[in-house]
Amino acid sequence: MKSFNAACLGTVAMSVVATMCILGCSTQSGRPLAPSPRLLDDVRQSHKTTAIETTGRPTLALVLGGGGLRGFAHLGVIRALEESGIEPDILVGTSAGALVGAAYASGLAVERIEEAAREVRIASLIDFTLSSSGLMRGDNIARWIDRLTGDVPIEHFPRRFGAVATDLKSGNALLFDKGNLGVAVQASAAVPGPNVPFAYQGGHLVDGGVSSLVPVRFARAMSADVVIAVDVLCEGPSDDGLSVPAVLLQVGRLQSCMVAAQEKAEADVVISPAVRVSGMSNKEGQQEAIQAGYAATMAALKAIKKRSTGGIDWVALRRAD
């Protein structure tokens, strides 16, 4: 995969900051992985029909991109959509987006997700290990998300959900849309470097952002008619420092966003909150990120409503396909 090395370098660079975050950084290979994650074509083949045929309205997907600490902005996006009466049928997430999307797809209210994110102690989510492959195992974050969501299998969620991870050898994006949620989130958020790659039947998995930072194509494969994509990484302000960590972070961000640009452009609406990483480990920083997500969504609301209703004969369009 031509873009794999560049994206991987970008994700490694971003991990300098992401190592200590709540929303995007834990994995290891100690939990069972069943059923196996699936390739894009496999997902596409298994989702031939959609609710549009019975409801007469488009199937709406909300795609939440990776971005470590910036993932708090996703909570503001969901809150704004809810207040506007817009509820997604499908959620697909990468890394930080997988964590937030999973919690929402499981049926939790956005207020409860915010509360849980603020209450959790970061230290309790970090589980160091002596390994040449990484510094953290990641069992703790898997257990935390399982407890938060009641340990319900993904396929039993009230909303359809998928978490994206990357096969380390091939660079292919893979989707978890069945089975244990903790496993799916661990694999999706397996930042290379800080985290031990996640072992599965086909090899090892790393962070989904390496191959699909904003996983629009998987949402389409799950029969979404309209896709709202949230990019918390690429359009916001960046650090201007010239220290080694700052330069690595900036280069990594640029490379990851270049890889993601084409897929992101395939969404119907793209929401890009302007979120900074600095200070987001405190309550004020978290609230600022949530507010940025809320404001960016409200600014895009007219386009969202136009695309999600729009007077289009979606039933006829689907039959024509």
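Is Phe-161 buried or exposed, and what is its relative accessible area?

Reply: This is a predicted model, and in it Phe-161 is buried, with a relative accessible area of 1%. That value counts as buried because the cut-off for the word is under 20% relative accessible area. Phe-157 also falls below that cut-off, since its relative accessibility is 8% and it counts as buried. These two residues belong together in another way, for a search of the whole structure finds one aromatic pair, and Phe-157 and Phe-161 are the residues that form it. Their rings lie 6.4 Å from centre to centre with 40 degrees between the planes, an arrangement that is called tilted.

The largest nonpolar core has 58 residues, and Phe-161 is named with Leu-62 and Ile-271 as the residues with the most contacts inside it. Helix α5, which covers residues 96-105, gives the largest share of this core, namely seven residues. Leu-62 shows what such contacts look like: leaving aside residues up to four places away in sequence, its partners include Val-77, Ile-78 and Leu-81, and also Ile-228 and Val-230. There is also a second, separate core of 23 residues, which includes Val-63, Ile-90, Val-164 and Met-222.

Val-77, Ile-78 and Leu-81, which Leu-62 touches, are also among the buried residues of helix α4. This helix runs over residues 72-83, and its 12 residues reach 18 Å from the first C-alpha to the last, close to the 16 Å expected at 1.5 Å a residue. Most of α4 is covered, as nine of its 12 residues are buried, among them Phe-72, Ala-73, His-74 and Gly-76.

Ser-84 lies in the loop between α4 and β2, the strand of residues 90-94, and with a relative accessible area of 19% it is still buried, because the cut-off is under 20%. Apart from residues up to four places away in sequence, Ser-84 touches Met-298, Leu-301 and Lys-305. Gly-85 also follows α4, and its phi is positive, near 75 degrees.

Gly-293 is found in helix α12, residues 283-299, and it is buried with a relative accessible area of 0%. Not counting residues up to four places away in sequence, Gly-293 touches Ala-73, Gly-76 and Val-77, together with Pro-273. The C-alpha atom of Gly-293 is separated by 7.9 Å from that of Ala-274, although these residues are 19 apart along the chain.

Thr-166 lies in strand β5, which spans residues 160-167, and at 0% relative accessibility it counts as buried.

One link of another kind deserves a place in the picture. A disulfide is a covalent bond between the sulfur atoms of two cysteines. In this model the count comes to one disulfide, formed by Cys-234 and Cys-257 with their sulfur atoms 2.0 Å apart. Cys-234 lies in the loop between β9 (226-230) and α11 (244-264), while Cys-257 lies in helix α11, so the pair ties together parts that are 23 residues apart in sequence. The angle about the S-S bond is -95 degrees, which makes the link left-handed. Both cysteines count as buried, Cys-234 at 15% relative accessibility and Cys-257 at 14%.

The protein contains 14 helices and 10 strands, and of its 321 residues 58% count as buried. Among contacts between residues at least 6 apart in sequence, 80% join residues at least 24 apart.

Technical notes:
Residues are numbered from 1 along each chain as its sequence is written. This is a predicted model: local features need pLDDT of at least 70, side-chain atom pairs count only at pLDDT 80 or more; totals for chains, interfaces and linings use all residues. Side-chain values use heavy atoms; hydrogens and water are left out. Rings of Phe, Tyr and Trp (its six-membered ring) pair if their centres lie within 6.5 Å; planes under 30 degrees apart count as stacked, over 60 as edge-to-face and the rest as tilted. Buried means under 20% relative accessible area, exposed over 50%, partly exposed in between (1.4 Å probe, protein chains only). Helices (H or I, at least four residues) and strands (E, at least two) are DSSP runs, numbered from the N terminus. A disulfide is a pair of cysteine sulfur atoms within 2.5 Å. A nonpolar core is a set of buried Ala, Val, Leu, Ile, Met, Phe, Trp, Tyr and Cys residues joined through side-chain atoms within 4.5 Å. Contact means heavy atoms within 4.5 Å. The expected span of a helix is 1.5 Å times one less than its number of residues.
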